[in-house]
Amino acid sequence: MAPAGCGMLLRLALYLGSLHAASGSTFLYHDYCVIGAGPSGLQAAYFLQRAGRDYVVFERSHAPGSFFALYPRHRKLISINKRYTGKSNSEFNLRHDWNSLLSHDNRLLFRRYSRDFFPDADAMVRYLEDFASLLKLRVQYNTAIVHVMLERDRQAWNGHYFLLTDQDRQNYKCSSLLVATGTWVPNVVNFPGSEYVEGYETVSINPDDFAGQTVLILGRGNSAFETAENILGVTNFIHMVSRSRVRLSWATHYVGDLRAINNGLLDTYQLKSLDGLLEGDLEDLAIVKDKKGKLHITLRFYLENRNTSAGIDSITLPQDELDNFATRAPYDRVIRCLGWKFDFSIYNRSLRLMTGKGNKKKYPQIKPSYESRGTRGLFVIGTASHSVDFRKSAGGFIHGFRYTTRAVHRLLENRHHGVPWPSTVYPITQLTNSIIKRVNEASGLYQMFSVLADIILLRENATAFEYLEEYPVGVLAELEMQTGRKAPNGLFVVIMEYGRNFSGADKDVFYYNRAVGEAQHAWQSNFLHPVIYYYKRLPTEHEMRLRPPDWPLPRPDAVHHIVEDFLTDWTAPNAHILPLRRFLENCLSTDLRNFFAESCFLFAFTRQKLPPFCQQGYVRMQGLVGSEKLRRHAIEAGLLEDYTLTDFLGDRPPDSHEGSQDHLLRDHAMPVRPLQHLVTAKDEL
């Protein structure tokens with residue numbers, strides 16, 4: 001029987017067995033079930049364990065991270081391991097550590113497992129094993145979940161339970177299901193002669209096996225170029241064919257596109273060293289094998305009317321009609337390197353887990369909250385959740401999904417346990433500083449640009465604000481329901497963005513004057529930079545659907561771009577902080593500057609309303625405790641006027657009070673000099 005038929009019978013038997021189990025067997029129950037003990041599964045387990053939740057992780061292998069035990073085949077990861085940044089801030093350093101998972105244990109930083117900038121995959125395997133064991137995560141190994149279905153129950157959290165069956169027909173019941181299996185099923189294109197094609201997952205990685213051979217590689221991603229890089233120095237030549245043109249990560253700013261570490265074949269192609277790249281639809285190809293074992297490339301339509309019993313000599317090849325056909329030379333080997341897709345086979349139709357559309361069909365369809373569009377309570381995390389930001393951000397990679405997994409956990413905590421999204425309340429005078437601190441340190445905003453954002457909820461009369469970190473902007477309209485926080489008085493959204501016309505496979509990202517340095521032109525910034533959106537009220541779902549193309553958010557009431565910075569250090573007083581503060585002041589119709597007590601004293605006599613800093617500090621007798629030394633320092637620095645008793649009494653000794661009142665009334669008024677520190681107060685930060 002054909003393998004496909006065997007697979008169908010096996011799935012049918014498992015399905016019938018699960019139906020029988022559902023009617024008569026007992027189930028091992030957990031509130032949360034996580035399928036897969038890869039990086040995202042372990043990250044979810046960490047958050048569930050820290051929250052004290054009832055959970056279990058199912059892993060089909062004997063150890064976590066089984067994908068990394070096999071792939072990449074040539075063992076070099078393309079996720080950077082930058083051990084030194086010149087800074088000691090751990091959150092900032094995670095911006096440049098693409099392999100560590102989030103935890104409270106400093107032993108579990110990836111830089112302790114490898115010194116290589118591009119680490120060996122075996123280091124990732126060791127890291128994940130330690131992450132699971134040191135944190136004592138509840139992982140059930142050697143358990144392959146082979147079938148998942150629903151059981152309706154109005155008493156369940158989501159109106160149903162998830163019923164899982166493993167390879168030994170043990171059954172489990174869960175209230176919430178987290179799918180962290182990644183994408184591990186090889187993409188295969190079927191065409192005449194595809195049986196002669198070797199897969200990336202099985203092809204030899206010994207360069208000596210390719211010595212003196214001519215090789216055709218199907219695909220144009222990192223796995224294809226990684227394979228080419230390995231054999232580039234021993235082959236006659238390598239040709240690479242794919243439907244789409246090559247996309248370079250430094251041009252698209254998408255880390256899943258071709259990385260520089262793998263692009264040696266681009267050099268040999270453009271410098272005319274026999275190797276080459278071609279574009280073509282793989283489904284239109286056909287491969288014919290001659291008597292010597294050589295593989296010839298032809299087109300499918302040439303084979304449609306041929307006599308199947310005839311030999312290769314009767315087959316029309318493209319070079320028979322076009323003698324300079326590009327792939328007219330025969331090949332010794334053809335290798336398929338077309339990436340991976342999600343395994344839908346274990347999910348019963350009752351879950352309505354649907355494939356994505358277009359170039360996202362290798363992923364399941366999910367909402368921006370990472371919940372399945374077809375089934376409430378089923379969340380997809382990790383690489384398989386990349387449909388939310390495919391070719392836009394880093395959600396398909398560890399340095400991205402470690403943050404989206406935390407966001408999913410926070411959504412679940414609010415939904416099922418009444419734990420609101422974590423937040424901190426600050427006085428309004430700390431608004432500018434809070435934003436500046438986050439855009440300069442936060443790793444989640446930096447890695448998941450245009451996807452995760454900090455939300456600032458304003459309190460009544462804008463006297464204080466509530467700060468929420470790294471919320472998925474795709475569900476901004478559902479913020480109150482998803483977080484348990486209220487937004488009746490308006491909000492700011494802090495997000496990171498690239499320039500909208502800067503990135504792309506056909507863009508010249510190295511053109512002259514590509515950088516913007518002036519604050520007044522910040523909206524034209526090309527490189528990653530902070531953007532602050534202001535809304536007087538929470539946007540609606542309708543407004544979210546109608547947002548402009550490529551905008552992460554609907555049109556705001558006001559928007560501010562902080563100008564891009566070569567050092568990604570947005571702390572320049574005039575270029576970064578001052579324009580931001582003025583923007584916030586205009587939105588709030590208030591004064592967010594900090595003032596000395598002397599200024600607050602004068603404002604109390606000259607203004608109807610004191611600035612918030614004076615209201616929350618000076619009026620409440622808060623601030624620096626004065627001393628003679630501090631006063632003299634401020635006078636010498638020109639920050640305070642020197643109002644001493646001699647100003648009023650002339651040359652009289654301070655302890656001579658005779659006639660002092662008459663003298664003051666007759667000869668002196670309080671000298672009021674121009675208060676220069678108030679005239680230039682717009683420069684106070």
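A disulfide is taken here as a pair of cysteine sulfur atoms within 2.5 Å. In general terms, a disulfide is a covalent bond between the sulfur atoms of two cysteines. The structure is a predicted model, in which local features need pLDDT of at least 70 and side-chain atom pairs count only at pLDDT 80 or more, while totals for chains, interfaces and linings use all residues. Residues are numbered from 1 along each chain as its sequence is written, and side-chain values use heavy atoms, with hydrogens and water left out.

A search of the whole structure finds 2 disulfides. One of them joins Cys33 and Cys174, whose sulfur atoms are 1.6 Å apart. The link of Cys33 and Cys174 is left-handed, with -60° about the S-S bond. This pair connects distant parts of the chain, since Cys33 belongs to strand E1 (residues 28-35) and Cys174 to strand E6 (residues 171-179), 141 residues apart. Helices (H or I, at least four residues) and strands (E, at least two) are DSSP runs, numbered from the N terminus. Both Cys33 and Cys174 are buried, where buried means under 20% relative accessible area, exposed over 50%, and partly exposed in between (1.4 Å probe, protein chains only).

A disulfide is also formed by Cys600 and Cys614, with sulfur atoms 2.0 Å apart. The bond between Cys600 and Cys614 is left-handed, at -80° about the S-S bond. Distant parts of the chain are again linked: Cys600 lies in helix H17 (residues 597-606) and Cys614 in helix H18, 14 residues apart. Cys600 counts as buried because its relative accessible area is 1%, and Cys614 is buried at 0% relative accessibility. With bonded cysteines counted along the chain, the disulfides follow the pattern 1-2, 3-4. Two further cysteines were examined for burial. Cys337 is buried at 3% relative accessibility, and Cys587 is buried with a relative accessible area of 16%.

Helix H18 (residues 612-618) also contains Tyr618. Tyr618 has a relative accessible area of 31% and is therefore partly exposed. Together with Phe601 and Phe605, Tyr618 forms a nonpolar surface patch with about 340 Å² of accessible area. Patches are made of residues with over 30% relative accessible area and no salt bridge, in which like charges are joined within 9 Å and nonpolar side chains (Val, Leu, Ile, Met, Phe, Trp, Tyr) within 5 Å. A salt bridge is a side-chain nitrogen of Lys or Arg within 4 Å of a carboxyl oxygen of Asp or Glu. Accessible areas come from the Shrake-Rupley method with a 1.4 Å probe; for residues, only the protein chains shown count as cover.

Two loop residues were also considered. Ser79, in the loop between helix H3 (66-70) and helix H4 (90-93), is buried because its relative accessibility is 15%. Beyond its neighbours within four places in sequence, Ser79 is in contact (heavy atoms within 4.5 Å) with Trp98, Asn99, Phe117, Phe118 and Pro119. Gly193 is placed in the loop between strand E7 (185-186) and strand E8 (198-199), and is buried with a relative accessible area of 7%. The C-alpha atoms of Gly193 and His296 are 9.7 Å apart, although 103 residues separate the two along the chain.

Over the whole protein, there are 22 helices and 22 strands, and buried residues make up 51% of the 685 residues. Of the contacts between residues at least 6 apart in sequence, 66% join residues at least 24 apart.
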